[in-house]
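Reader: I am new to this structure. Can you walk me through how to read it?

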Amino acid sequence: MNFISVRNHQTIPLSGIPMLDYDSFLELNVFNLIREKGAHCVNYFGFRLDGLIRLVCCIANDESHSIQVSSSAVPRMALPSFSKHNLVFEKFEREIHENFGIAYTDHPWLKPVRFPFNRFDPGSRIADYPFFKVDSEELHEVGVGPIHAGIIEPGHFRFICNGEQIVHLEIQLGYQHRGVESLFLEKNKLLQRCTLAENIAGDSVVGHSLAFAHLWESLCKHQTGDHLKMARTIALELERIAIHTGDLSAMCTDVAYQLGSAVFGRLRTPVINFFQKWCGNRLAKGLIRPGKSHFPFTRDLAIGLMDFLDEYENDFEDISKELFSLPSALARFEKTGVLTTGQALAIGTVGLSARMSGVSRDIRASHPHDAYEALDHQPVLKTHGDVYARARLRKKEINQSINHIRHLIKILAAPEVYDQNPLKPAPDSFCVSLVEGWRGEICHCAITDGKGELIHYKIKDPSFHNWLGLALAVRNNEISDFPIANKSFDLSYCGHDL
Amino acid sequence: MLDNLKILIHQGRQYIPDVTRAIVPGIFRGRPVISEVDVKEKELAELCPTNAISLNPLSIDLGKCTFCGECAFAFPDKISFTTDYMLATNDRNRLIVKSGQEHPIKLDPVLVRKEIHGYFGSSLKLRQVSAGGDNSCELELNACGNVNFDMGRFGIEFVASPRHADGLVITGPITANMASPLQICYDAIPEPKIIILAGTDAISGGIFEGSPALDRSFISKYNIDLYVPGNPIHPLTFINGVLDLIKKQET
C-alpha cells in the first residue's frame, strides 16, 4: 500500500507522491482504493517526465473526505489496463493511450477520445473514427452531427436502431478541442490563465474559475478570508440556479410545453442579469480571481439579491407546480432515459447525473470548499434515474441553492482588503482541486517545476464521466426521445474536449 | 387552464419594447473610452491577457478584447468601459478604439453588399455553427430569441438546416477538428449568403489565439459581413448589429 492522502486543494511536494511499479500501482488503485466505500476516481492522467510517462491516479474517498494519490512511471509499452477490472477508468485510459501511445492489452473499448492536436498518432483523423458496427439486415444506423439542429455545440451521435428503437448509441466528441491544457503552460501570465479557466466551459464559468483559483491560492500558500469564500459560494449557487432554470426551460421546449419554456426561460434572465450587476458580465466572467476580487459582494447587492430571490421563488413555484402536474409533460419525462444505480456506479457518473440515480456524490458535502462546511450541505437525491428524476432534482436543487444563499447573506462577513502582491507558486509541487459545479465535480490538477513554473495542467470536467451515462440511458428508448434525454443530462462538449 | 392564465398574467410584459434604446442593468462593460492622460503605457499594454492593447497611439482592439476590464482597474484614469453595447461593425478596423475616441462604433454602409437589404431586410434566417465555442456565446444567441429580447419580431431567426439559411453565424475560435464540418455547412447554404462572427473567440481566436489546435483558414477565405465583439456577446449587441446590417443603407 503506497499512496499519499491529501485534502481538497492541498499542495504537497511532487516527491511526496509515492512511485510504484506498474503492477503494484494497478493493484493498489483497482483492487484496493477504488473498492472502498465512497471511493471514486476524480482524475487519472499521464505527463512526460525524464523520458518516461509518469502516471498519476487520484481516487477521492467521500467517507474519509480525502483524496488518495499514487503514481507510476512507465516507458511507452503495452500494459494491462485498469478498465478490464473497473469501467470507471475507461475514458482516462483511452486518453492516456491517445496522448502517449500506451497500448493497453485488455482494454474493452480502446478508441480515440478527442483527437487532440498533440495526439500520439498524428495520422489518426476525426473523420475516420472507428464506430461500432452491427452486421444485420434488421438494424439501421442514424448519424447525427457534428452540427446539430439548434444553437448547440458540435458532437457526433451514431445510433443503431431497430425500427424506432435505439439499440446502441455511440457518442464521438473532440470537435471542440482547443488545446486548453497546453495553453495553461504557454500563456504564463496569471490573468491569461484566469481567462483560460473561465473560457473552458461558458456555462460553468464560476465552477471552473473557482477550481483554478483554489488551486492557485493553495500553490501560492495564500489564505482567503471569509467574505471572499462566502461571495464565491453565492456565485457558484447562483450559477446553479441560472443553468438549472434554463435547462428546465429547454426541457419544456423539447416536450413542446410552450408556457414552461417561456416562463422558465424568462426566469433565467434576471439571474444572469444579477451577475451583470455584480461583475459586469451575464455569465460571471471576470468575477473570480485568485487571491482577490474586483467585485466585493456589497450590502446593496445582498439586499437586491434577497428581494430578487423572493420574486423569483413565487413565479418559480407557480410554474413548477404546473409542469409537474401536467400529464402530457410527465408522460414524456417519466421512465424516459433511465440510468440505473448499478450503471451509474459501474461507469462512475458524478454530480447531478449520479444523484438522480441515488448515488450520493457531491463535493460540497464530501470535500467541502469555500463556505460549504458552514452550510452543512446535504445532497438532494432521486432514485429513478429518468428524465423526471433529473427535472425534479433541478427543481429541488434550485430551492436548496436559494436557501444556501439566504443563509449566507444573513451571516455575510465584512469584505476584506487584498494586497496586490503577485502570488508565486511553490516549486516542485502538486495540487488537486475539486469544485462541485452545477453539473458535478470539476477537477483541476497542477504540477510545478523547480522554479515554480507549471509543467503540467490537467482539467477534468464532470461531462468526461457522464457522456457514457447518456449513451447507456437511451438504450431501448425511442429515437424521438433522444433530444429530451440529452437535454436532461445537458453535458458539456467543450468541457469534455477542452 | 385558470392556473395557466394566472401564470401568464403574473409574468407581466417581459419583452424589451425598443431594443435599440434599452439600457442594460448594472455595470456592463461595453465600448471602452481611452483618455489622453499620461500613464506607463507599456505596462498597461503588457497587462492585457489577449494582446488587445497596442501603443502609439494607445488603442484597444475589441476583436481581441475579452472585456475583463483589468486594464480599467489598473489604470482607472486612462481607460473606462461605457455601457454602450452597440459594438458590432462590418469593418475590422472600426473595432480598434483609439485614444481620445468618443464616437460610437457603426457599420460602414459602403461595405454592406447591395443585395443584403433587398433579400434579407425583412426576413433573415441564420444557421449557427459553434466551432470551439465555450457555450457562452451560444447561450446568448439562444437568449436573442427568448421572450425578453424576442429577435423573431424582426424576422431574424435561427434555423436547423443550412439549406433554409441565408447566412452563417460562427462562434468559437474555429478548431482544426471543426474546420471541415464548418466548410461543409457554409457550402450547403444557398447564395447569396452572409457570414457573421459572434464573439471575441470567433473574431480573433481570443485567449486561444496561437493554439496549434485551431485552424482559422476559413476566416481569411471569405468576406465577413459582421463582427460582433463580446465575451460572450450581449444579445443587444448582436440584435442591433444584425438590424444595422439588413436595414436600408444610406450611402
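Author: Start with domains. Their bounds come from an automatic or database domain assignment. For chain A, that assignment gives domain 1 (4-113) and domain 2 (186-422). One caution: this is a predicted model, where local features need pLDDT of at least 70, side-chain atom pairs count only at pLDDT 80 or more, and totals for chains, interfaces and linings use all residues. Residues are numbered from 1 along each chain as its sequence is written, while chains are lettered from A and ligands numbered from 1 in the order in which they are written.

Reader: How many residues does each domain of chain A give to the contact?

Author: Two residues are in contact if their C-beta atoms, placed from the backbone, lie within 7 Å. Domain 1 of chain A gives 11 residues, and domain 2 of chain A gives 11. The C-alpha centres of the two domains are 30 Å apart.

Reader: Which strand of chain A pairs with β10?

Author: Strands (E, at least two residues) and helices (H or I, at least four) are DSSP runs, numbered from the N terminus. Two strands pair if DSSP finds at least two bridges between them. In chain A, β10 (residues 156-162) runs antiparallel to β11 (residues 165-172), with 7 bridges. A:His156 faces A:Gln172 in β11(A). The hairpin has 2 residues between its strands, and A:Gly163 takes a positive phi near 65° there.

Reader: How many residues of chain B are in contact with chain A?

Author: 51 residues of chain B contact 50 residues of chain A. α6(B) gives the most to chain B's side, with 6 residues.
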